[in-house]
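Thank you all for coming. Please have a look at the sequence and the structure on the screen, and then I will talk you through them.

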Amino acid sequence: MVAVSEFVAVHRHEDGVAELVLDRPKAMNAVSTEMARAIGDACAELAADASVRVVVLSSAVERAFCVGADLKERNSLSDAELVRQRPTTRGAYGGVLELPMPTIAAVHGFALGGGFELALACDVIVADETAVVGLPEVSVGVIPGGGGTQLLPRRVGAARAAELIFTARRVEAAEALSLGLVDSVVPAGTDRAEALALAARMAANSPVGLRAAKRALRLGHGMDLTAGLEIEDAAWRTVAFSGDRAEGVAAFNEKRRPNWPGR
């Protein structure tokens, strides 16, 4: 485990999985300016690392994944300071969202406001039975500003997202699963292990294929079918003549596991 800052660490596993760990226990991972900067820096480092095939975003704090913005810090900021802080905050959420490889959030306890937005920025959310998620920003006079107004409706539809954002209500794990706010619910205390196991299954596949498939999924979402198929075709062209494609076909025909060159 390599510390990026006091509150964020990166752990590279041997199977091509990297873990981005939130660790600010005294504040239940509330995102301060310093922590936001560290998340953005860690994401930039991971995005540039071709050996990383899948990223798991997890929490080392027992009671929470992340409770959102550090409102104590926010209360101390002048309007001008808040404006200056905004690019750093956006860099954290955008950093997770723009990671080119598949991402999985391992959620337990509270994942509220900006904390849930970090999870929403991931491709898959694994939650344990203790998870409580929601976007309560309007209850403190703001709006979801880490991507929530855009990412949540893409998960659950516009009307459901509106109800959840306008009521600011918290949703426990079982209901979160039924609404599509999370993708699976696992026994308490197993979210990280389950997310890492899922990541390992993904990471066994072609790194070139994984990144191209993610790009097609992300860019094609919301497009009409014709435009979406063109995006898919462009992504296909990036893999069709790759070393990974050649190795994958050879391994299939030789009935062996592929040794991906990653290019």
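I will start with the whole chain and then turn to a few single residues.

What we have here is a predicted model, in which local features need pLDDT of at least 70 and side-chain atom pairs count only at pLDDT 80 or more, while totals for chains, interfaces and linings use all residues. Residues are numbered from 1 along each chain as its sequence is written, and side-chain values use heavy atoms, with hydrogens and water left out.

The chain holds eleven helices and eleven strands, where helices (H or I, at least four residues) and strands (E, at least two) are DSSP runs numbered from the N terminus. Its radius of gyration is 19 Å, close to the 18 Å that the globule rule gives for 263 residues, so the chain is as compact as a globular protein of that length; the radius is taken over C-alpha atoms, and the rule is 2.2 Å times the number of residues to the power 0.38. Along its principal axes, the C-alpha trace spans about 60 × 40 × 40 Å.

Of the 263 residues, 48% are buried, and here buried means under 20% relative accessible area, exposed means over 50%, and partly exposed is in between, with a 1.4 Å probe and protein chains only. Among the contacts with a separation of 6 or more, 67% join residues 24 or more positions apart, a contact being heavy atoms within 4.5 Å.

Let me turn to the loop between β3 (17–22) and α1 (33–47), where we find methionine 28. Methionine 28 has a positive phi of about 50° although it is not a glycine, and asparagine 29, in the loop between β3 and α1 as well, has a positive phi of about 65°, again without being a glycine. For background, most residues other than glycine have a negative phi. Is asparagine 29 buried or exposed? Asparagine 29 is buried, with a relative accessible area of 0%, whereas methionine 28 is partly exposed at 22%.

Methionine 28 also leads us to arginine 63, which touches Met28, His108, Gly109 and Phe110 when residues up to four places away in sequence are not counted. Arginine 63 lies in the loop between β4 (54–59) and β5 (64–66), and at 55% relative accessibility it counts as exposed. The C-alpha atoms of arginine 63 and glycine 109 are separated by 5.0 Å, although these residues are 46 residues apart along the chain.

In helix α3 (residues 79–97) we come to threonine 88, which counts as buried at 18% relative accessibility. Leaving aside neighbours within four places in sequence, threonine 88 is in contact with Thr33, Ala36 and Arg37.

Finally, how many aromatic pairs does a search of the whole structure find? The search finds one, and in that pair the rings of tryptophan 236 and phenylalanine 241 have their centres 6.2 Å apart and their planes at 70°, so the pair is edge-to-face. Under the rule used, rings of Phe, Tyr and Trp (its six-membered ring) pair if their centres lie within 6.5 Å, and planes under 30 degrees apart count as stacked, over 60 as edge-to-face and the rest as tilted. Tryptophan 236 is partly exposed at 47% relative accessibility, and phenylalanine 241 is exposed at 67%.
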